[in-house]
Amino acid sequence: MPRTAAPLLTSPIPRVADSDRRRTSASVVLRSVLEHGPVARSTIARLTGLSPASVTDYCARFAELGLIRESAVPRRSKGVGRPHLPVDLDDSRFVVGGVHVAVPHTTVALLDLRGRVVARRETEHERTDPALVLARAADGLAALLAAAPGSRPLGVGFAAGGWVDRDSGTVVEHPLLGWREVPVREVLGAHTGLPVHVDGHARSLVNAERLFGQARGSRSLLHLFAGNVVDAAFSTNDVVHHGPRSQAGAIAHLPVPGGTEPCDCGRVGCLQAELSELTLCRRAREAGITDGMNPMHVVGAAAAGDPVAVRLLRERSRRVGRAVGLLLDVLNPEQVVVTEVGIRHRADCLAALREEVGPGRAETVSPISFPDSVLAVAAGSVALDVVYRDPLAASPEAI
Ligand SMILES: [Zn+2]
């Protein structure tokens, strides 16, 4: 009688691979050290739900890699046995590089494992052709690393506005820069010899807030970036939504009710045309406040008491508030952070924005946590997010 094979047990529910489980456990242990360090291993076990043996094992591997170290002097208790040393991040050895390309300039930076900017330089663009911009950025990073001989780079993060596809490492389209299908990961990787990670800046700042900012611990987070480029990003349960080809958050051409600005797309009143710093600066030029493209000149004029500059900034923050209100209706996040020059520098702008968002929801909105280093943090956080998601793979040995 022929033997028949037992039917395979199949389930539509995907199984968690052991490698995924290890990666997730390593990630939560290192995140716990980041958030609570110096912290006892037993506390990490309690916080994460992992076994003490498993936490001890991950900590030993992180210590070997140089990502964490035992901290401070052991407290000798009257008990016997090995003293329990708390562990903390070792922020003295490793850095990540960051490259942020804005419309007028490129920022290159080094960040430590706590997301702090340890070195930075900014280069104005004479031209924005990608080969030149990326080659200069790589030179800038090399100069920063040469000036910090004790720091070993774990990788490079690249961030920009526009349509940036994380998976292919490509800037798909950035009309204001004139970039289209630029293989940034490949180009910067060839220049630097380091692993390069690429993402949109609105999304990378959500990761920065999750890891290092005041919005840490928020279960759902929306970020609106209103610079020259206007885009948005959101995360739920610690994961930033990208969608197919990373197109999520492209809100530049959402119509704003009552908008009057003509947009490059041929319509009037698109979100980006209304909120862009380019529009703010044009209006400030028309009012004789500045002759340039730098929104900080408008902030400076407002601080010096120019009533028109104050009005322009408040109006813009109010319009940003209207956009936040629209996005809140769609996504209902627990917390909102906004990157915008007015609210970064002026309490009256933040008040105007919150007023427009409306009572009950206004208190969920705050300015981005990195007011003086937002672009550097955006770039570096692309790489730091990778380190914290998969710390065992992000070691220099993997390079
Ligand atoms: Zn448009």
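Helix axes here are lines fitted to C-alpha atoms over the stretch in contact, and the angles between them run from 0 to 180 degrees between N-to-C directions. Helices (H or I, at least four residues) and strands (E, at least two) are DSSP runs, numbered from the N terminus. The model is predicted, so local features need pLDDT of at least 70 and side-chain atom pairs count only at pLDDT 80 or more, while totals for chains, interfaces and linings use all residues. Residues are numbered from 1 along each chain as its sequence is written, and side-chain values use heavy atoms, with hydrogens and water left out.

Let us start with a pair of helices. Helix H4 (residues 130-146) packs against helix H5 (residues 184-192) at an angle of about 40 degrees, and their axes are 9 Å apart. H4 and H5 are therefore oblique to each other; angles under 35 degrees count as roughly parallel, over 145 as roughly antiparallel, 65 to 115 as roughly perpendicular and the rest as oblique. The crossing of H4 past H5 is right-handed, a term for a near helix turned clockwise from the far one by less than a right angle, with anticlockwise giving left-handed. On the H4 side, Leu134, Ala135, Ala138 and Leu141 meet Val184, Val187, Leu188, His191 and Thr192 of H5, where contact means heavy atoms within 4.5 Å.

Ala148 is partly exposed, with 21% relative accessible area; buried means under 20%, exposed over 50%, and partly exposed in between (1.4 Å probe, protein chains only).

Glu277, Leu280, Arg283 and Ala284 of H8 make the contact with Leu312, Leu313, Arg316 and Arg319 of H10. H8, too, passes H10 in a right-handed crossing.

Now to the metal. Which residues coordinate the zinc ion? His253 (ND1), Cys263 (SG), Cys265 (SG) and Cys270 (SG) do so, at 2.0 to 2.3 Å. Donors are N, O and S atoms within 2.8 Å of the metal (3.2 Å for Na, K and Ca), and since water is not among the atoms, sites may look incomplete. The angles among the 4 donor atoms are 100 to 119 degrees, and the site is tetrahedral, a label that asks for all angles between 85 and 135 degrees. Along the chain, the donors are spaced H-x9-C-x1-C-x4-C. Cys263 and Cys270 are both buried.

The backbone has some details to check as well. Most residues other than glycine have a negative phi, and most peptide bonds are trans. Ser246, however, has a positive phi near 55 degrees. Ser246 sits in the loop between strand S13 (239-240) and helix H7 (271-275), and counts as buried at 4% relative accessibility. Glu181, in strand S9 (residues 179-182), has a positive phi near 50 degrees and is partly exposed at 44% relative accessible area. A cis peptide bond joins Gly37 and Pro38, with omega about -5 degrees; Pro38 belongs to the loop between helix H1 (18-36) and helix H2 (41-48).

Finally, turn to Val382 in helix H13 (residues 374-389). Val382 is buried, at 7% relative accessible area. Leaving aside neighbours within four places in sequence, Val382 touches residues including Gly157, Phe158, His197 and Asp199.

Technical notes. Tetrahedral: all angles 85-135°; square planar, octahedral: opposite > 155°, others 65-115°.
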